[in-house]
Amino acid sequence: MRKAALHNLGCKVNAYETEAMQQLLEDAGYEIVPFKDGADVYIINTCSVTNVADKKSRQMLHRAKKMNPDSVVVAVGCYVQAAKEDLEKDMAVDLIIGNNKKKDLVGLLERYFADRDDREEVIDIAATGEYEELHIRKIADHTRAFIKVQDGCNQFCSYCIIPYTRGRVRSRAIGDVVKEVEGLAAAGYKEIVLTGIHLSSYGVDFPKEKRENLLSLITCLDKIQGIERIRLGSLEPRIITEEFVSALAGLKSICPHFHLSLQSGCNATLARMNRHYTAQEYLERCVILRKHFDNPAITTDVIVGFPGETVEEFDETKRFLETVRFYEMHIFKYRSEE
């Protein structure tokens, strides 16, 4: 029996996919072991959202090979899409698997063991409209499960590589999500967290006659017996409308925590970022949330030091943050290089 160790870098979507890959390996007879000396296979689900994430991905790949030079080191995910040519030359990496190919992990490993020259499976992620079917039956947390329902992004913010590493928006069928959540509820999970690369875009790739969107998905999940709490991952401000929020407020399971990505409170900076809203429009969305929910927890992300940002623009953002009165903020310094 081969021993496999997995390590996850990056977002909650990556975490879900790592859990799913682990379960594929378990089903194939692999023994899952901690990420330390002694594994036959090391799988690193990489991240490429920043230069720091790239660096951490490389470090973990090299650390794995040092722990067991005879092991098979597998690079998976976003850094693979962004740096395939570099990884092809990296002697610490034996097998590289891009996004939308994680579901084939077991078969690709067996093919590699049979023919050591076959070490790459990376598609043109921008050219696919296929949602990669991955599923979980359990997760390390005994009561809360993260559920991936969407992949890809069509926004092309000027600072973001994700549309190039994850491709265009692809949504998971509602019936498939419901089936997975029903199984988790039967296993005792009480809370689910809906995640995606651009969760607000859920359903935009479906045929118009389906008329399914994030709200219709949440409404279906709210009916599942045993699910007591539904949390939402990061949302774009423009999805926060009177119709959307009033419908959420009528559901029994929805948690009043909303992470609305802001990035800047200055319109000039938002325009350079290619964000598709103004600071005033963002504030209006927060007012809608507070209208329908009693003291909701509104959290956000902010980038400071974005190229071209002046002291006056920074101060404008600071004043805006004080106006909104966030429950919590994640503040990031922009870095063009390390």
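Start with helix α8, residues 214–222, where L214, L215, L217, I218, L221 and D222 are buried. Buried here means under 20% relative accessible area, exposed means over 50%, and partly exposed is in between, with a 1.4 Å probe and protein chains only. Helices are DSSP runs of H or I with at least four residues, strands are runs of E with at least two, and both are numbered from the N terminus. Looking down the axis of α8, the buried residues fall within an arc of 160°, so they line one face of the helix. That arc is taken from the directions from the helix axis to the C-beta atoms.

Before going on, this is a predicted model: local features need pLDDT of at least 70, side-chain atom pairs count only at pLDDT 80 or more, and totals for chains, interfaces and linings use all residues. Residues are numbered from 1 along each chain as its sequence is written, and side-chain values use heavy atoms, with hydrogens and water left out.

Back to α8. What covers its buried residues? The cover includes β7 (144–151), α7 (174–186), β9 (191–196), β10 (229–232) and α9 (242–249). The N-terminal end of α8 is capped by N213, which has a side-chain oxygen 3.1 Å from the backbone nitrogen of L215.

The term means a side-chain nitrogen of Lys or Arg within 4 Å of a carboxyl oxygen of Asp or Glu. The side chains of R229 and E191 meet in one, at 2.6 Å from N to O. R229 lies in strand β10 and E191 in strand β9, so the pair ties together parts that are 38 residues apart in sequence. E191 counts as buried, at 4% relative accessibility, while R229 is partly exposed at 28%.

How many salt bridges does a search of the whole structure find? The search finds 27. Another one is between R137 and D27, with the closest N and O atoms 3.2 Å apart. R137 sits in the loop between β6 (120–121) and β7, and D27 in helix α1 (residues 12–27), so this pair ties together parts that are 110 residues apart in sequence. R137 is partly exposed, at 44% relative accessibility, and D27 is exposed, at 54%.

A28 is partly exposed, with a relative accessible area of 43%. The C-alpha atoms of A28 and V106 are 7.2 Å apart, although 78 residues separate the two along the chain.

K318 and E322 pair through their side chains at 3.1 Å, N to O. These residues are four apart in helix α12, separated by about one helical turn. K318 is partly exposed at 43%, and E322 is exposed at 51%. There is also a network of salt bridges linking E17, K102, K148, D151, R166 and R170.

The structure holds ten aromatic pairs. Rings of Phe, Tyr and Trp (its six-membered ring) pair if their centres lie within 6.5 Å; planes under 30 degrees apart count as stacked, over 60 as edge-to-face, and the rest as tilted. One of the pairs is Y282 with F320, edge-to-face, at 6.1 Å centre to centre and 65° between the planes. Y282 lies in helix α11 (residues 279–292) and F320 in helix α12 (residues 311–324), so the pair ties together parts that are 38 residues apart in sequence.

Leaving aside neighbours within four places in sequence, Q263 is in contact with Y159, M273, R275, Y277, D301, V302 and I303. Q263 counts as buried, at 8% relative accessibility. The side chain of Q263 also makes a polar contact with the side chain of S261, at 2.9 Å. A polar contact is a pair of N or O atoms within 3.5 Å; within protein, one must be able to donate a hydrogen and the other to accept it, and residues adjacent in sequence count only if both atoms are side-chain atoms.

Methods: Contact means heavy atoms within 4.5 Å.
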